[in-house]
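Reader: I am new to this structure and would be grateful for a close look at one part of it.

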Amino acid sequence: MNRSILIVICDFLLLSLLTFSTDLTKMAGDNEGAQPTAKVEMSTNQIDSGKDLADVMKLALTEEQKNRAQLQAELAKARDAARQQQTQLNQSATQNQQLQQQQANLQQQLAAALVSAKNLNQQLQNSSAEASLTKQQLAEKEAEAQKQAQLANSLQQQLAQFAKSNQVAQTEKQQLANQLQLAEAEKRAAGEKFALMQQQYQAEHAENLKLAEGFNSLSTNVQQIQASQPLAPNAIFSDFIANQVQANFNAARTGFLGMDASKSKSSQIPLATDGKNIYALCHVQDTPLTLWDPGTDWDGLTGTLRHGSAQVPIHSLSFDQQDPRVVFMPLTQAEAMQLGGKVYKISSDPYKFQDAVLVGAQQGYYGECSFQVDLETPNYVKLDRSLLKGLFGKFNPSSGDLVFSRSGELLGVMVNGTYCLVLKSFNAAATFQFNQNVTSQHTGDTLARLYGNVFNMPLKLQ
């Protein structure tokens, strides 16, 4: 229902209610005789009001029907417009599909055209390359032909020159043939002279060989005579003083309550060789090490050997297999040459001389002494203290002294105040590698074990 019609109806109803209430008021103020009149008026008013209401309702219904017809007409127009739009939309979709299909076909044709263009471009490049190559080959052939022509001209010129030179060469050849004949004659004369000189050389060479054999024999005899002649003790001592090597040892460890218990020691020792290797050797007491049980566990072992201004490091220290109180340190040939000191040979015949020369390397004394062979200790010789003859310093033989044979060779080392270990070879019972850190070598266990070896020796050797 339209809003305006609803407002009209409401107004009509309000007016009807007002009219009806006015009639009721008049009827209440009249007399009783007037009662039928009042009834007739009320009835009349009610009929008129119902008539007006019907008219209004008809009018509203008519207006509503007009509005409905108008709305249906508008709805029909809207449906026709929607149908036309749907038709147009379907046509647009069909056209869009056709356009997409045409676009796909065009893209395929474009891709095929690009491939064809690429192939044509490649063919064009190949054709250009072949044409360029053909031009280059043609240019090369032309250049080669020019070279061949120039070479032919040059050869012709050379041939002409050769013909001229050939004539000159024939003349020179004849001259050379004459000179060759003269040279052959001189060669024969020189050969005869050379044969004569060769005979003279062979005779002189044979004579020189005889003289050399005599000299070698004489030299051997001189060496034998010198070896059989004992050296003076002072000569042996002077030779040792001039060639002794200073050994500096450093043994580091931490003592009780973290205190430094390191030890250092310096000793004068010789260099010796067994004919193959070179060693520096001394008594263990000339080092910071001690054979004892329990042995000392050192943290680090280092040292150097010095002679004059030359110095080399100590790489390791070994304990002699026969008697661990004698220790030796290996050197290379280059290190020995760098130090420059004399390398003593160990005595090949330690019993050749009855007496020997004993040198106190640390105390600076020396003297003559006699040694005896003890059958119970075959690797040692016993010092005969009744025949001691000191020549320099306070002569009191003790462990660590060096014993030289009268031929100047190193005989051995005193292991105590009476017995000397005769050096025959350098075999090790144990070895310490020198380094800043030697804890992994367990030096204490090794020193204790070596002490046990000495402790088990005969009492006179301890």
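Which side chains meet in a salt bridge at 2.6 Å, N to O?

Author: The side chains of Glu376 and Lys460 form that salt bridge, at 2.6 Å from N to O; the term denotes a side-chain nitrogen of Lys or Arg within 4 Å of a carboxyl oxygen of Asp or Glu. Glu376 is located in the loop between β11 and β12 (380–392), and Lys460 in the segment after α5 (443–455), so the pair ties together parts that are 84 residues apart in sequence. Helices (H or I, at least four residues) and strands (E, at least two) are DSSP runs, numbered from the N terminus.

The model is a predicted one, in which local features need pLDDT of at least 70 and side-chain atom pairs count only at pLDDT 80 or more, while totals for chains, interfaces and linings use all residues. Residues are numbered from 1 along each chain as its sequence is written, and side-chain values use heavy atoms, with hydrogens and water left out. The pLDDT is the predictor's confidence in each residue, from 0 to 100, and the protein chain averages 81.

The two partners may also be described by accessibility, where buried means under 20% relative accessible area, exposed over 50%, and partly exposed in between (1.4 Å probe, protein chains only). Glu376 is exposed, at 63% relative accessibility, whereas Lys460 is partly exposed, at 32%.

By this rule there are six salt bridges in the count. Another joins Glu368 to Arg406, with the closest N and O atoms 3.3 Å apart, and both of these residues are buried.
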